[in-house]
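Subject: Structure for you to take over

Hello,

I am passing a structure on to you, shown just below. My notes on it come after that.

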Amino acid sequence: MKKTNSTNNFSDLEQRLRELKPKATPEELTQKLLDIVATGQRKRRSWQQYWIPWTAVAALVVCFISLQWVGKHQSSSNTEAVVAKNPPTIQEFVKEQANEWAETTKLLADGCLEQAPAFVALKKLREEGHYLASAPRPTLPPPPPLNEHQKKLLENTDVFVAALVSGAPALPAIALATPVYVQRIKSEP
Amino acid sequence: MRNSEKNRWQEWILENQDRWLLYARQQTRSEADAQDVLQESIVSIWQESDPSESAELPHPGSVYAAIRFRALNLARGSDRRTRREQDYMDLNYVGGPESSPYAAEEQKLLLQAVQSLPSTLGEVLTLHVWGELTFQEIADVCKCSINTIAGRYRQALIRLQKELKGTFSL
């Protein structure tokens, strides 16, 4: 009950307060305020307002992508420069080619009915490769003697393998034989 | 700017300028400061408003918040010693209508009682009674909780009631 009386009293007091009104604004100030909305310029809220942040974001993205690309390009060019600066020696090149050829020959040998000639050629090729890599080789050693069966199989094998087995120079033979055999292996089902 | 929008804004200013100026007077120390603060607030509200034709007018509470912000900045930049010399609620600028049934002496006592309130209580009373803001809107302007605002308002009424006891039939 007491609370109700208090609320009523507040209502009466609030009513008395609300009957008071703020004094009127001076005419000069009123005119100034009206002039603000009549002639004042607003800040643009079109796309131009968001142009600067979006441009900054786009520029950052472009910079990031450019740095990534330049970094990759620079690292690859550095690698190429190092390779060009330190070209492989003839021994390293021959050894690398011999190893590749050995792998190719092994694959070739897996498809043969009689694998003995292929393995003989592989072994010889590896020996030649290691020999070339370790020391200069003035002349190739004579080929090992072949029995009749091996000779018959060799007749049916590729001419390049036969040339290698018979003691042909390793580097030209490899250079000529590699693309031929790679294509042949790829064309096999 | 189209005329219809300009008219809307001008009507909005004419409707609310008296209560805005009252609050500006309460928050500043002089009439000149109050008018400057009000002008700056209207300019900022106008410039930041949406220029599209269909946009609604800003809420009056945003103007009170702008006035409060600028008045605080103005007070920080001035001499604090003289700040309290002229505690500028200045309810002399609040006058009753001619049709008011109350006598001039009673009005004067009421205004003096309101003027004697602490600034925090007077601010809430001004915004709620003459600014016609809700407690939530006042809380947004003053950056206080709504319970704080409601408590201040009640405290202001209690103080006024004690001050005016015997003067009116309260």
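The notes below go from the chains to the core and then to single helices and residues.

This is a predicted model, in which local features need pLDDT of at least 70 and side-chain atom pairs count only at pLDDT 80 or more, while totals for chains, interfaces and linings use all residues. Residues are numbered from 1 along each chain as its sequence is written, chains are lettered from A and ligands numbered from 1 in the order in which they are written, and side-chain values use heavy atoms, with hydrogens and water left out.

The two chains

Chain A has eight helices and one strand. Helices (H or I, at least four residues) and strands (E, at least two) are DSSP runs, numbered from the N terminus. The order of elements in chain A, from the N terminus on, is α-β-α-α-α-α-α-α-α. Of its 189 residues, 24% are buried; buried means under 20% relative accessible area, exposed over 50%, and partly exposed in between, with a 1.4 Å probe and protein chains only. Among contacts in chain A with a separation of 6 or more, 59% are between residues 24 or more positions apart, a contact being heavy atoms within 4.5 Å.

Chain B has seven helices and one strand, in the pattern α-α-α-β-α-α-α-α along the sequence. Buried residues make up 45% of its 170 residues. For contacts in chain B with a separation of 6 or more, residues 24 or more positions apart account for 71%.

The core

The largest nonpolar core contains 49 residues, and those with the most contacts inside it are L17(A), W20(B) and L125(B). Such a core is a set of buried Ala, Val, Leu, Ile, Met, Phe, Trp, Tyr and Cys residues joined through side-chain atoms within 4.5 Å. Helix α1 of chain B (residues 3-27) gives the most to this core, namely eight residues. Leaving out residues up to four places away in sequence, L125(B) touches L17(A) as well as V114(B), L117(B), W130(B), Y153(B), A156(B), L157(B) and L160(B).

Helix packing

Two packed helices are described by the angle between their axes and the distance between the axes. Here the axes are lines fitted to C-alpha atoms, for helices over the stretch in contact, and angles run from 0 to 180 degrees between N-to-C directions.

The axes of α1(B) and α3(B) come within 10 Å and cross at roughly 30 degrees. That makes the pair α1(B) and α3(B) roughly parallel; angles under 35 degrees count as roughly parallel, over 145 as roughly antiparallel, 65 to 115 as roughly perpendicular and the rest as oblique. On the α1(B) side the contact is made by W12(B), N16(B), R19(B), W20(B), Y23(B), A24(B) and Q27(B), and on the α3(B) side by P60(B), V63(B), Y64(B), I67(B), R68(B) and A71(B).

For α5(B) and α7(B), the axes come within 8 Å and cross at roughly 100 degrees, which makes α5(B) roughly perpendicular to α7(B). L125(B) is one of the α5(B) residues in this contact, and among those it meets across the two helices as a group are Y153(B), A156(B), L157(B) and L160(B) of α7(B).

Between the chains, the axes of helix α2 of chain A (residues 27-39) and α1(B) come within 10 Å and cross at roughly 145 degrees. L29(A), T30(A), L33(A), L34(A), V37(A) and A38(A) of α2(A) meet K6(B), W9(B), Q10(B), I13(B), L14(B), Q17(B) and L21(B) of α1(B).

Helix α6 of chain B

The buried residues of helix α6 (residues 135-142) of chain B are I138(B), A139(B), V141(B) and C142(B). They lie on the same side of α6(B), because they cover an arc of only 160 degrees around the axis; the arc is that of the directions from the helix axis to the C-beta atoms. These buried residues pack against α1, α3 (60-77), α5 (119-130) and α7 (146-163) of chain B.

Single residues

K143(B) counts as exposed, at 71% relative accessibility. E132(B), in the loop between α5 and α6 of chain B, also is not a glycine and has a positive phi of about 55 degrees. E132(B) is exposed, with 52% relative accessibility.

I45(B) sits in helix α2 (residues 31-48) of chain B and counts as buried at 11% relative accessibility. I45(B) touches W9(B), W12(B), P58(B), S62(B), V63(B) and A66(B), not counting residues up to four places away in sequence.

Regards
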